[in-house]
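I opened this entry to look up how the strands pair and where the nonpolar residues gather. My notes follow the order in which I checked things.

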Amino acid sequence: MEINQFALYQLKNVPENRDIRFRSYETLQKNQIQIRYGNYEQKYLGRMLPADTPGSIRERFDRQPPRKFHGHSISVSDVLVLNHAGEVTAYYVEKEGFTVIAGFIRNGSSGALVSYDTTDFHIEGKEGSWLAYDSIIIDGKEFFLMEHMEYGRSAAGVVLDEKGKVVVDQVCHEFDETVKKQIREYLNPVPAVPEPEKQKPPMENWQKYYENGEYLRSAEMTEEQNYNMIDGRMNNLPSKPRKIGKRISVLDRLHLKQAEIERRSGKSAPQMAVTEDMERRRK
């Protein structure tokens, strides 16, 4: 069925169904008679209204049956199946009210490991044997509430998917809203949002000194005016030569001379010193 639709199922008019027609759910349970989909036929399929419930659908059929409906009036032993937002629930019609029944609509996957008839099932990480006690269909997929075969409902249940994977653990209140929410989160996981890349905080000159490595530190130390200029950039000359009285300081003149030599030769002062030393050794 499509999302937000309902279907009405009534027992087939055959002799085999004579003993179960118009019988209450409690009577069938006492006689150990299972409610099987194969005994029913779909009599109507329609769109659900936003506020529809099994009771409102039954009242609407009693008041004015749809033109395309060719079955008898909704009675005991009929089954209403509601598909609301992908969640499928089957209701057995009683004289007054409804009883939710499990396993009426099956997914029928050929690769399913767990079904509504599963017993003596071993769950990884759990002790003992388990059986499928209840089931629910959400977004077209069937999930099974497993009950411990020895401790019964005194032990917390487990919800498995068709492949036997644990979807919800420690279930104490069957398929309540909390469990349904966890199943939907399992079906529609929220994609992980990557953490924003952390910006590297600005460093002081002394921090850059240690991060540049020994070789670069040594090279800078031969060129910079003082240690607070060691920041990862070679040859940090002052924008304007500093003057002592009317004269330019000797250190600034030295740096300006080095800069001029580097500009003409295309080599840094340390590189030139290394080249000259290699030439002397060759001689």
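Predicted model: local features only at pLDDT ≥ 70, side-chain atom pairs only at ≥ 80, totals over all residues.

Hairpin. I looked up strand β8 (residues 157-160) and strand β9 (residues 166-171), and found that they run antiparallel and are joined by three bridges. Within this pairing I noted that Leu160 stands opposite Val166 in β9. Five residues lie between the strands of this hairpin, and there I found Gly164 with a positive phi near 85°.

Cores. Which residues have the most contacts inside the largest nonpolar core? I listed Tyr40, Val79 and Phe104, in a core of 15 residues. I then traced the elements that give two or more residues to this core, and they are β1 (5-11), β3 (79-84) and β4 (87-93). I also recorded a second, separate core of twelve residues, with Phe61, Ile74, Leu82 and Val93 among them.

Tyr40. Leaving aside residues up to four places away in sequence, I found that Tyr40 touches, among others, Tyr9, Leu11, Ile35, Val79, Tyr92 and Phe104, and that its contacts also include Gln10, Lys12, Ser77 and Asp78.

Whole chain. I counted seven helices and eleven strands in the secondary structure, and noted that buried residues make up 34% of the 283 residues. Of the contacts with a separation of 6 or more, 51% are between residues 24 or more positions apart.

Definitions and conventions:
Residues numbered from 1 in each chain as written. Heavy atoms only, no water. Pairing = 2+ DSSP bridges. Helix = DSSP H or I, 4+ residues; strand = E, 2+ residues; numbered from the N terminus. Core = buried A, V, L, I, M, F, W, Y, C linked by side-chain atoms within 4.5 Å. Buried < 20%, exposed > 50% of the residue type's maximum accessible area, 1.4 Å probe, protein only. Contact = heavy atoms within 4.5 Å.
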